Amino acid sequence: MFIFNSSIGKKFIQAVSGAFLIVFMLLHSTINFFSVIDSFTGKFGAAAPDEALFSKGDGLFKLGCDFMSTPVISIMVPILALGFVVHILYGGWLTWQNIRARGGWKRYEVASRAATDSWSSKNMLVLGIVILGIIAFHLTHFWAKMQLPEMFGIGNFENDPYLLLTATFGRWWVLAIYLVWFAAVWMHMVHGFWSMFQTVGWNGKTWFKRIKVIGVIVASLIVLMFMATGVNAFIQANFV
């Protein structure tokens, strides 16, 4: 098929799966940032001991986590996550194919604006490896204690997301690892955002510059919400 055999088709798959990634990250970071808002409203840690959804008195972050457990979102999240996995695996395979086609890593060059645009554009594979490496670390902290027991009945379910936040980010070295991860995510998304639009043909001189600015804004917003969540949880665990 054209979409799998042509270079444009392969890039299109990466662009579409990258869009899934951005939507997934935006949703995820917004829900997490609710915990920061709870800190200012005095609701941080407010989670009913029962497992009912949307219990009276719950903090905004807990309500956000409950929203993620509703049937509609429960169906959508795996689809978004699948796009995320496809983006990672397909991106790695494309990079390997390009390296082989060009006769080795040192000869790996892309004849486009991406080749000379930034360090991140030249090292998307490196950034992807860093991001992928810490994802497994991240899943053991949250997904394995909330979604995994809820969806598959494996492990012990933790109903208090605030406890997971403070238990994870309360250790400075864990927070440091996550901050490095967030920085890698930012660089990867900044390049990936405009590259996605370039793939579908939105690369005119005027709009291309605007899209790059929008990409920086979107990536910065997502990553700043993640960073604020981690730093706030560290403060809550150690100084409040």
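Me: Is I235 buried, exposed or something in between, and why?
Reply: In this predicted model, I235 counts as partly exposed because its relative accessibility is 36%, and partly exposed covers the range between under 20% for buried and over 50% for exposed.

Me: Where is I235 found?
Reply: I235 is found in helix α11, which covers residues 205-238.

Me: And which residues make the nonpolar surface patch there?
Reply: The patch is made by V231, I235, F239 and V240, and its area is about 410 Å².

Me: Switching to the inside: how many residues has the largest nonpolar core, and which have the most contacts in it?
Reply: The largest nonpolar core has 41 residues, and those with the most contacts inside it are M25, L165, F169, Y178, W181, V185 and M189. The elements that each give two or more residues to this core are α2, α3 (60-67), α4 (71-101), α7 (124-141), α9, α10 (172-199) and α11.

Me: Which helix gives the most?
Reply: That is α10, which supplies 12 residues to this core.

Me: What does M25 touch, leaving out residues up to four places away in sequence?
Reply: With those set aside, M25 touches V185, I222 and F226, and V185 is itself one of the residues with the most contacts inside the core.

Me: Now α9: is it mostly covered or mostly open?
Reply: Helix α9, residues 161-169, is mostly covered, since 7 of its 9 residues are buried. The buried ones are P161, Y162, L164, L165, T166, T168 and F169, and of these L165 and F169 are also listed among the core residues with the most contacts.

Me: What happens at the start of α9?
Reply: There, a side-chain oxygen of D160 comes to within 3.0 Å of the backbone nitrogen of Y162.

Me: What about F20, where does it sit?
Reply: F20 has its place in helix α2, residues 7-41, and F20 is partly exposed, with a relative accessible area of 29%. Apart from neighbours within four places in sequence, F20 is in contact with I79, L80 and G83. F20 and L82 lie 62 residues apart in sequence, while their C-alpha atoms are 8.5 Å apart in space.

Me: Last one, the whole chain: how many helices and strands are there, and how much is buried?
Reply: The protein chain has 11 helices and 0 strands, and 39% of its 240 residues count as buried. Among contacts with a separation of 6 or more, 68% are between residues 24 or more positions apart. The chain exposes about 13,500 Å², of which carbon and sulfur atoms supply 71%.

Definitions and conventions. Residues are numbered from 1 along each chain as its sequence is written. This is a predicted model: local features need pLDDT of at least 70, side-chain atom pairs count only at pLDDT 80 or more; totals for chains, interfaces and linings use all residues. Side-chain values use heavy atoms; hydrogens and water are left out. Buried means under 20% relative accessible area, exposed over 50%, partly exposed in between (1.4 Å probe, protein chains only). Helices (H or I, at least four residues) and strands (E, at least two) are DSSP runs, numbered from the N terminus. A polar contact is a pair of N or O atoms within 3.5 Å; within protein, one must be able to donate a hydrogen and the other to accept it, and residues adjacent in sequence count only if both atoms are side-chain atoms. Contact means heavy atoms within 4.5 Å. Patches are made of residues with over 30% relative accessible area and no salt bridge: like charges are joined within 9 Å, nonpolar side chains (Val, Leu, Ile, Met, Phe, Trp, Tyr) within 5 Å. Accessible areas come from the Shrake-Rupley method with a 1.4 Å probe; for residues, only the protein chains shown count as cover. A salt bridge is a side-chain nitrogen of Lys or Arg within 4 Å of a carboxyl oxygen of Asp or Glu. A nonpolar core is a set of buried Ala, Val, Leu, Ile, Met, Phe, Trp, Tyr and Cys residues joined through side-chain atoms within 4.5 Å.
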